[in-house]
Amino acid sequence: MSAMLTLWERDIVRFFRDKPRVIGGLVPPIVFWLLIGAGLGTAVRVPGAPEGLNFLQYFYAGTLVLIVLFTSIFATISIIEDRREGFLQSVLVAPVSRLAIVLGKVMGSSTVGLAQGAAFLLLAGPAGLHPGLHGYAAAFAVLALASVGLTALGFCIAWVLDSSQGFHAVMNLFLIPMWMLSGALFPAATAPRFLRAVILANPVSYAVTGLQRALLPSVVPDGAASLSACLLVLAGFSVVMLTASVFVASRRDSR
Amino acid sequence: MNAVDVKGLIHEYPAKRKVPARRALNDVSFSVAEGELFGLLGPNGGGKSTLFRILATSFAPTSGSAVLLGRDLIADPASVRPFLGVVFQYPSLDNKLTVQENLLHGGRLYGLSGSTLSARIDEMLSHYRLTPRAGDLCGTLSGGLRRRVELAKSLLHKPKVILLDEPSTGLDPAARQDLWEHLMTLKAGGATILTTTHLMDEGDRCDRVAILDQGKIVAQGTPSALKAEIGGDVITIETDDASGLRDEITKRFGVTPQAFGGTLRLERAAGHAFIPQLVEAFPGRLKTVSLSRPSLEDAFLHHAGRRFSDSHTEVAAK
């Protein structure tokens, strides 16, 4: 328990000491949001959405998920760095369970993701979203579960990879497309059928839908998952990824 | 009871892409008594680091057994870890944290907390003369200072068995002296210490050493016993014609020196009496002749059949 807490604390201290990372996790998604959202503005009409909806508003939930995804990417990089710089070797020979190592890292990184997501939630009002207290609470719950799931996914990837070069390939071919195919940029309804299947199977979609339900229910298409279904899928995804993380971390390979 | 019992340890790194499988340890067995300072001496690439990492519970060997304080290190690494203090060759510090924070997290990973931990941290900081640097980020420290922090971190929980991998890497002579004095203090306090080294003078400071070459222990014992195995003195001759001279010495005196480049080396009792005979027999052909008491380097050469320094390069060239 104390081992998990100490690794958690370490990650948070490191995060706030690393100013470029504080900025790098939050500012690019906001810039994407403003550029893509304002650029498309009212030019794109989201099918099924009420008249006069600005794309900035549609894209808001997707941006929140992007912030969380960026944190998971940083988490992955930090594990590769921990291994390369040698810190990890001392943790691995300490009397600490692999579960505590996984939880410490995942909690540390997802706390950071959640804090950044919460900071972005402050822009909901100015963007014209008025979800109310209940909506904010639901959005927070979705973000928390999505952060845990995605950072645990990052943990698995980082543990298996041994170079940051390999990581860039994974990021571009896997993590970013996971976000693109989640309804974050365009709704599933406008996608070709084969992509719709991918969107349906993609856990990130449930983060986007969950956030839309919490913050802007009017854009949620008919037949999409309910908020509780989204929370359930994300919780399941988190448990699966955490289990996988403990599994990969328990292998004692000779690296 | 022995602190460490290693029997028949074999480790093979599996083949990876174009790199063929490599046997790093080949049937290694040794024991370390409680309270002993034991050295694993050998050239780079001889298998020391693999052995160190297996003992540190980083990974399991291909086969063989290793028992530490009566607990099976391979089947149940978790039972051994609380008693182990591991000092890695390349510091395992978090460079973005301060010295104090590194010790704090290091101590907590070993189950220390609260006032016990802060008292231990203060103790270690002052012992390693790190107190004035406690608030500095580890990334800003020199190599020697970082190694001191590494040692302090590894010893916070007062481990019963201390494992060190090439502990004097990156240390200046004064810091090395310090380190060894500290190891002696820890030994006096009852700790069992196992260190790898490729430095002969460090081997000399150990109670016992095992010489590891090409994955095998070629000799083990106290440094003085290993040196005594070599009959008498070591005579080293530098010459322009090593192979010719070797053959002539064999013909004339019935002993065959070992030739390494332009150097001939032979072991001989009462070497001081033999040198004048050599000089008179081959006038003008010996550039220098020297006589020495056998060193651990000679013991390595005697058992491994090659020079220690050549062993490094041979491995590096692979």
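**Strands, helix and interface**

Guide: In this predicted model, B:Leu163 stands opposite B:Leu194, a residue of S8(B).

Visitor: Which strand is joined to strand S8 (residues 192-197) of chain B by 5 bridges?

Guide: The two strands concerned run parallel. In general, strands of a sheet pair through backbone hydrogen bonds, in either a parallel or an antiparallel manner. The partner joined to S8 through 5 bridges is strand S7 (residues 161-165) of chain B.

Visitor: Which strands stand at the edges of the open sheet in chain B, and why is one side of each left without a neighbour?

Guide: The sheet has 6 strands with mixed pairing, in the order S6-S7-S8-S3-S9-S10. Each edge strand has a single partner strand, so one of its sides has no neighbour in the sheet. These edge strands are S6 (84-87) and S10 (216-221) of chain B.

Visitor: By what angle are neighbouring strands of this sheet turned against each other on average?

Guide: The angle is taken with direction ignored. On average, neighbouring strands are turned by 15 degrees.

Visitor: What span does helix H6 of chain B reach from its first C-alpha to its last?

Guide: Helix H6 covers residues 173-188, which is 16 residues. At 1.5 Å a residue, the expected span is 22 Å, and the value in the model is close to that. Just after H6(B), B:Gly190 takes a positive phi of about 105 degrees. The span reached by H6 of chain B is 23 Å.

Visitor: Which element gives the most to the side of chain A that touches chain B?

Guide: The contact takes 22 residues from chain A and 27 residues from chain B. Helix H1 (2-17) and helix H4 (87-92) of chain A are the elements giving two or more residues to the chain A side. By class, that side has 9 nonpolar, 6 polar and 7 charged residues. With 7 residues, the element that gives the most is H1(A).

Visitor: Over which residues of chain B does pLDDT stay under 50?

Guide: Chain B has a mean pLDDT of 88, and 97% of its residues reach 70 or more. For the stretch in question, the model has 3 contacts beyond four places in sequence. The stretch with pLDDT under 50 is residues 313-318.

Visitor: What ipTM does the predictor give the complex?

Guide: The predictor reports a pTM of 0.84 for the complex. Its ipTM is 0.85.

Note on methods:
Residues numbered from 1 in each chain as written. Chains lettered and ligands numbered in written order. Predicted model: local features only at pLDDT ≥ 70, side-chain atom pairs only at ≥ 80, totals over all residues. Contact = placed C-beta atoms within 7 Å. Helix = DSSP H or I, 4+ residues; strand = E, 2+ residues; numbered from the N terminus. Nonpolar A, V, L, I, M, F, W, Y, C, P; charged D, E, K, R; others polar. Expected span 1.5 Å × (residues − 1). Pairing = 2+ DSSP bridges. Axes fitted to C-alpha atoms, helices over the stretch in contact; angles between N-to-C directions. pLDDT = per-residue confidence, 0-100.
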